[in-house]
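Biologist: I would like to learn how to read side-chain features in a model. Shall we take them one by one?

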Amino acid sequence: MDYQTINLSEKLSQFNELWSPKVVGEIHNFQFKLVKIEGDFMWHEHQGADKVFMVIEGEMFIAFRDGQVKISKGEMFIVPGGADHKPFAEKECHIMLVEPKSVADTGGTDSE
């Protein structure tokens, strides 16, 4: 068996596109995706599937219809499935998403 770590900084350095998640790992039915964000995304929801946002660098916000949450470096937040939300970041922010494979991503998703 070949045991190898996944270096998140190295993976993040391999792309510059914003709002374009890259799959860096999978476990059971879940995918781990790295994404760089800046500015506003669109309002959307995830067909009843929860989605985890982990901030690796910077800070981001997620707007909900009745408020918003700020997620800073080293923090994570779980967006409940079905909650209408809009992620945004004032400056470039690097995040990891964890979500079921079956969730259709609103942005483009590429594997490495």
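Biologist: Leaving aside neighbours within four places in sequence, which residues is methionine 60 in contact with?

Modeller: First, a caution: this is a predicted model. Now the contacts. Methionine 60 touches Ile37, Phe53, Val55, Val69, Lys70, Ile71, Pro87, Phe88, Ala89, Cys93 and Ile95.

Biologist: How do I read a list like that?

Modeller: Start with the general idea. In soluble globular proteins, nonpolar side chains tend to be buried together. Then look at the case here. The largest nonpolar core has 16 residues. Ile37, Phe53, Met60, Ile62, Cys93 and Ile95 touch the most other members.

Biologist: Which elements give two or more residues to this core?

Modeller: Strand 2, strand 3, strand 4 and strand 7 do. Strand 7 gives the most, with 4 residues.

Biologist: What lies apart from that core?

Modeller: Another core, of 7 residues. Its members include Leu12, Phe15, Val24 and Met96.

Biologist: Next, rings. How many aromatic pairs does the structure hold?

Modeller: There are 3. To classify a pair, check the angle between the planes; under 30 degrees counts as stacked. Take tryptophan 19 and phenylalanine 41. Their ring centres are 4.8 Å apart and their planes are at 20°, so this pair is stacked.

Biologist: Where do the two residues of that pair lie?

Modeller: Both are in loops. Tryptophan 19 is in the loop between helix 1 (8–13) and strand 1 (22–27). Phenylalanine 41 is in the loop between strand 2 (30–40) and strand 3 (51–57). The pair therefore ties together parts that are 22 residues apart in sequence.

Biologist: Are tryptophan 19 and phenylalanine 41 buried or exposed?

Modeller: The cut-off for buried is under 20% relative accessible area. Tryptophan 19 has 18%, so it is buried. Phenylalanine 41 is at 17%, so it is buried too.

Biologist: Why do phenylalanine 61 and phenylalanine 88 count as a stacked pair?

Modeller: Because their ring centres are 5.2 Å apart and their planes are at 15°. This pair links distant parts of the chain. Phenylalanine 61 sits in strand 4 (residues 59–64) and phenylalanine 88 in strand 7 (residues 85–100), 27 residues apart. Phenylalanine 61 is buried at 11% relative accessibility. Phenylalanine 88 is buried at 14%.

Biologist: Rings can also meet charges. Which residue lies over the face of tryptophan 43?

Modeller: Look for a charged group above the ring plane. Arginine 65 lies over the face of tryptophan 43, at 3.8 Å from the ring centre. A second case is lysine 22, which lies over the face of phenylalanine 15, at 5.5 Å from the ring centre.

Biologist: What does lysine 22 form with glutamate 17?

Modeller: A salt bridge, with the closest N and O atoms 2.9 Å apart. Check the exposure of each partner. Lysine 22 is buried, at 12% relative accessibility. Glutamate 17 is partly exposed, at 41%.

Biologist: How many salt bridges does the count come to?

Modeller: It comes to 8. One of them joins lysine 33 and glutamate 99, with the closest N and O atoms 2.4 Å apart. Lysine 33 lies in strand 2 and glutamate 99 in strand 7, so the pair ties together parts that are 66 residues apart in sequence. Both residues are buried.

Biologist: Where do lysine 70 and glutamate 59 lie?

Modeller: Lysine 70 is in strand 5 (residues 67–72) and glutamate 59 in strand 4, 11 residues apart. Their side chains meet in a salt bridge (3.4 Å, N to O). Lysine 70 is partly exposed at 46% relative accessibility. Glutamate 59 is partly exposed at 30%.

Biologist: What is the phi of histidine 28 near, and where is its place?

Modeller: Phi of histidine 28 is near 50°, a positive value in a residue other than glycine. Histidine 28 is in the loop between strand 1 and strand 2. With a relative accessible area of 76%, histidine 28 is exposed.

Terms used
Residues are numbered from 1 along each chain as its sequence is written. This is a predicted model: local features need pLDDT of at least 70, side-chain atom pairs count only at pLDDT 80 or more; totals for chains, interfaces and linings use all residues. Side-chain values use heavy atoms; hydrogens and water are left out. Rings of Phe, Tyr and Trp (its six-membered ring) pair if their centres lie within 6.5 Å; planes under 30 degrees apart count as stacked, over 60 as edge-to-face and the rest as tilted. Buried means under 20% relative accessible area, exposed over 50%, partly exposed in between (1.4 Å probe, protein chains only). A charge sits over a ring if NZ of Lys or CZ of Arg is within 6 Å of the ring centre and within 35 degrees of the ring normal. A nonpolar core is a set of buried Ala, Val, Leu, Ile, Met, Phe, Trp, Tyr and Cys residues joined through side-chain atoms within 4.5 Å. Contact means heavy atoms within 4.5 Å. A salt bridge is a side-chain nitrogen of Lys or Arg within 4 Å of a carboxyl oxygen of Asp or Glu.
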